[in-house]
Amino acid sequence: MSGPPPSAADASAGAMPADPDAGAEVLLQVDSVVKYFPIKSGGMMSRHIGDVKAVDGVSLTLRQGQTLGVVGETGCGKSTLARCIAGLVPITSGKVIFEGKDITNLSRRAMQPFRREIQMIFQDPYGSLNPRLRVGSIIGEPFTIHKTATGNERKRAVQDLMQRVGLNPEHYNRFPAEFSGGQRQRIGVARALALRPKLIICDEPVSALDVSIQAQILNLLADLQDDFGLTYLFIAHDLEVVRHVSNEVMVMYLGRAAEFGPKNDVYDRSHHPYTRALLSAAPAADPESAAARQRIVLTGEVPSPVNPPSGCRFHPRCPRAQDICGQEIPPLEAKAGDPHDHLTACHFPVPAGEELAGATRAEVRRAR
Amino acid sequence: MSITEVEFQAASAEAVPEQAIEGKSQWQLTWRRLRSDRMAIASVITILVIAMLALLAPAFASLTGHSAVQQYPNTGLSASGLPVPPGTAGFWLGTDELGRDLFVRILYGARISLFVGLSTTFMATVAGVAVGLISGYFGGRTDAVLARCIDAALAFPYVVLALALAARFGPSLPIVIGVITFFSWAGVSRIVRGQTLSLKEKEYIEAARSLGAGPWRIMFVHILPNLLGPVLVLATLLIPSAIVFEATLSYLGLGIQPPVPSWGNILNGAQSYYQVAWWYLVFPAAALLITTLAFNLLGDGVRDALDPRTERIFAGQAGGRKKKRRKAAAADEPAAAIAAGTAEG
Amino acid sequence: MIAMALSLSPKMIIADEPTTALDATVQAQILDLLIRLQEESDTALIMITHDLGVIADIADDVLVMYAGRAAETASKHDAFYQPHHPYTMGLLESIPHSSAAADRLKPITGQPPSLITLPSGCAFHPRCAYVMDRCLTDEPKLEPVGAAGQHSSACWLPANSAGLDERAAGLRRNAVAEGRTHVAAKVAEDIAQSPEGEGSVVV
């Protein structure tokens with residue numbers, strides 16, 4: 001099955017990333033999605049004085065059964081992107097196409113059938129569950145809203161879900177406060193799974209959990225993906241976790257995609273200087289490699305999305321930036337020698353094998 | 001066997017220690033705290049006593065042989081035509097200037113006060129919650145309009161309104177109830193609107209929307225239960241203000257008209273006679289004071305029970321309350337105290 | 001906040017999860033700052049964190065805690081490459097490793113215990129792959145293990161178990177694919193042969 005045609009509309013988005021696994025159906029297509037949050041001056045006569053450009057032209061394709069990991073730091077727009085896809089936030093421009101149907105900015109009524117197919121798991125196990133509702137009601141709510149099961153049938157379905165995610169079905173009448181963080185996240189997973197969706201958007205589902213509980217939840221998500229044929233859009237800022245769960249990875253910076261591709265390409269053969277810096281920043285849980293790690297230090301702070309830099313958003317902090325970087329937005333495209341599905345948005349990508357200047361901690365110490 | 005099942009079994013192997021701590025809902029915990037609050041218990045008992053007395057007013061009327069409106073100039077007035085003191089001739093609390101039994105009148109006045117207090121509070125709360133929820137949740141123009149209505153209602157001069165209505169339609173109980181309800185709903189609304197605005201941003205609301213929940217479901221199934229605590233406190237504190245308002249209106253002659261007794265219009269009569277008949281002023285005033293105080297203290301107790309703050313526990317309030325709480329926290333219910341902490345958190 | 005902590009030139013800083021909510025690049029900057037300031041003023045630093053990467057980066061010694069008790073104390077090298085306590089090992093094994101091909105992670109089964117009703121004996125025993133009868137009744141104290149005196153562990157497993165060494169070697173190679181059952185069987189054999197070991201081993 002051939003990939004979708006590249007979008008002509010927005011040059012900043014570049015080519016539409018396509019998937020090497022040509023056999024699977026395309027489940028989700030995101031086409032140059034832009035989301036600006038207007039800033040108004042306060043008061044009765046408020047004026048529109050600017051925008052928070054949270055997502056500024058992102059495209060992606062997600063095939064059935066795959067997991068796309070989205071990484072980036074705070075402010076890169078990944079959570080906003082998730083909410084755009086889930087229809088929780090109206091999109092400023094662009095399209096979201098699910099199973100061939102355009103679901104951009106649908107009315108609540110029109111969106112209702114799609115809510116059964118697209119679900120979300122949230123980051124905060126303490127905030128994402130209503131503390132006044134019992135767990136049975138929380139997990140059973142999808143059934144109630146979509147009128148697919150009532151009474152005892154619903155209770156049975158909920159208890160079955162609880163069992164599937166590793167919770168004790170007898171705790172049906174308990175409140176969220178009586179569960180640990182990991183268990184609450186399981187409740188969230190059960191709730192998302194209730195109507196057997198096709199796509200689950202996981203917004204940092206393990207970031208708030210301890211290391212060993214993280215592993216339990218990640219295993220659970222992997223099992224459920226196998227059992228139910230789920231497709232995941234997995235958002236996180238922990239690079240190791242994303243590498244573990246994803247088939248493909250997208251690195252976002254300030255509302256745009258910096259790099260996109262199969263995970264091993266992005267992790268081992270990345271081109272974008274930001275990707276390199278990000279990969280070098282987080283130490284592995286291994287003292288020897290932590291000591292030997294060449295950390296690329298980025299100067300400056302992440303700029304505000306209200307007034308993002310012109311051209312390539314990363315250019316003020318990039319060690320390789322030249323004049324053109326501040327003038328022209330680099331297109332997201334495959335660089336020479338790369339497979340067609342590894343895309344980088346950079347005018348001066350770092351060739352595979354070349355290192356970006358960095359220093360180990362010991363070297364930094366000696367230099368002082 | 002998948003790992004998830006193995007994990008589940010490992011978890012249920014710990015089921016015994018888990019079950020030892022039975023989790024409780026917010027209301028169970030609140031109730032438990034309320035039960036141990038002496039002041040709140042005293043208030044509840046007082047209110048119940050007053051309610052009993054009010055309910056049994058007809059029984060007392062037949063017991064004393066005096067009705068609330070009937071004048072008894074022969075037995076109820078002294079030789080010089082003045083009210084008789086308490087204990088004279090079967091008048092337990094004395095009489096008023098027309099020889100009417102003060103005690104029975106006070107009891108019937110209690111009926112009015114409680115009825116007005118409870119009914120206006122109920123209606124104001126329902127209306128206030130509805131408007132506050134809608135205004136806070138929908139935002140935008142709906143909120144702009146409704147918020148202005150709330151502001152207007154709060155700024156309104158109510159006594160003037162009562163005066164105008166009384167002048168037009170003649171003073172009566174329905175007018176009193178209408179004016180008081182109209183006066184009270186806006187305060188509830190403003191608080192509910194504020195709470196709704198902040199609750200609306202919670203992640204579980206977003207989760208509900210992602211499931212496909214519509215605005216009404218979100219407002220009444222998700223937001224409302226989280227509002228009930230503050231609303232309950234507010235309602236409990238509205239009752240005494242409604243009672244006092246009714247008394248005020250009746251005192252001014254805009255509410256219940258004599259001979260039907262209301263604490264307000266009794267006090268109106270008392271202001272001319274208290275120098276010769278202290279009981280005429282003291283007893284209805286005491287009734288009003290005790291009732292209002294009881295509801296106010298109950299409201300405080302409910303607020304504390306719903307949302308205990310550690311600083312208050314140790315900063316020292318009514319001595320009995322502090323000691324009782326410390327004992328409860330330390331000795332018999334450590335689990336509940338911690339569960340309370342997690343439930344509230 | 002760091003400036004506030006340092007304004008009095010303390011001899012010791014206690015940093016309670018200072019980088020937990022932060023992105024990797026910001027975390028790196030914060031850690032750099034803490035280390036530089038520590039070096040300049042010769043300040044001791046107690047860093048509380050659940051991020052093993054942070055520990056691997058800047059720690060000299062490690063104290064592993066479980067259910068309010070010390071499970072293991074060791075130098076950084078020993079903690080990561082020669083862990084003794086099954087909880088420490090469990091933590092290290094549950095992290096996704098970039099070089100591991102395994103589809104599944106190896107979490108520690110079960111949940112952390114409620115501090116109100118701790119399990120009898122060793123608090124970790126309901127979740128431990130090497131639990132013995134003794135673990136249910138006797139709470140182990142911190143005892144020295146391994147060669148040098150720096151490394152202590154609160155566990156009834158024998159200190160120099162060959163099976164544990166092998167498992168530690170497995171960790172070092174990031175060979176997470178090596179089955180737990182294989183190693184546990186080796187440990188069981190080892191325990192059965194040692195004079196201290198008694199009772200059954202649950203795998």
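Residues 24 or more positions apart account for 51% of the contacts in chain C that have a separation of 6 or more, where two residues are in contact if their C-beta atoms, placed from the backbone, lie within 7 Å. This is a predicted model, in which local features need pLDDT of at least 70 and side-chain atom pairs count only at pLDDT 80 or more, while totals for chains, interfaces and linings use all residues. Residues are numbered from 1 along each chain as its sequence is written, with chains lettered from A and ligands numbered from 1 in the order in which they are written.

Let us stay with chain C for a moment. Of its 203 residues, 40% are buried; a residue counts as buried if 20 or more other C-beta atoms lie within 10 Å of its own, as exposed if 12 or fewer do, and as partly exposed in between, with C-beta atoms placed from the backbone. Eight helices and six strands make up the secondary structure of chain C, taking helices (H or I, at least four residues) and strands (E, at least two) as DSSP runs numbered from the N terminus. Read from the N terminus, the elements of chain C follow the order α-β-α-β-α-β-β-α-α-α-β-β-α-α.

Chain C has two domains, domain 1 (1-59) and domain 2 (61-203), with bounds that come from an automatic or database domain assignment. Where they meet, four residues of domain 1 of chain C are in contact with six residues of domain 2 of chain C. On the domain 1 side, the four residues are nonpolar, with no polar and no charged residues. In this grouping Ala, Val, Leu, Ile, Met, Phe, Trp, Tyr, Cys and Pro count as nonpolar, Asp, Glu, Lys and Arg as charged, and the others, Gly among them, as polar.

Chain C also holds an open sheet of four strands in the order S3-S4-S6-S5, with antiparallel pairing; two strands pair if DSSP finds at least two bridges between them. Strands S3 (61-66) and S5 (143-144) of chain C stand at the edges with a single partner strand each, so one side of each is left without a neighbour in the sheet. Further in, strand S4 (residues 69-75) and strand S6 (residues 152-153) of chain C pair in the antiparallel sense over two bridges, and Thr73(C) stands opposite Ser152(C).

Now for chain A, where eight strands form an open sheet with mixed pairing, in the order S6-S7-S8-S3-S9-S10-S12-S11. The edges belong to strand S6 (118-121) and strand S11 (333-334) of chain A; each has a single partner strand, so one side of each is left without a neighbour in the sheet. Strands S7 (residues 199-203) and S8 (residues 231-236) of chain A run parallel and are joined by five bridges, with Phe234(A) as the bridge partner of Cys202(A). Across S6 and S7 of chain A lies helix H5 (residues 181-193), which runs at about 175° to S6(A); axes are lines fitted to C-alpha atoms, for helices over the stretch in contact, and angles run from 0 to 180 degrees between N-to-C directions.

Helix H1 (residues 78-85) of chain A is mostly covered, with eight of its eight residues buried. Among them are Lys78(A) and Arg83(A). After H1(A) comes Gly87(A), whose phi is positive, near 75°.

Chains A and C meet in a contact that takes 29 residues from chain A and 28 residues from chain C. On the chain A side, helices H6 (211-228), H7 (239-245), H9 (273-281) and H10 (287-292) each give two or more residues. The largest share, seven residues, comes from H6(A). By class, this side of chain A has 15 nonpolar, eight polar and six charged residues.

A few backbone details deserve a look. Most residues other than glycine have a negative phi, and most peptide bonds are trans. Glu99(A), in the loop between strands S4 (93-98) and S5 (101-102) of chain A, has a positive phi near 50° and is partly exposed, with 16 other C-beta atoms within 10 Å. Ala89(B) has a positive phi of about 50° and counts as exposed, with 11 C-beta neighbours inside 10 Å. The peptide bond from Pro258(B) to Pro259(B) is cis, with omega near 15°.
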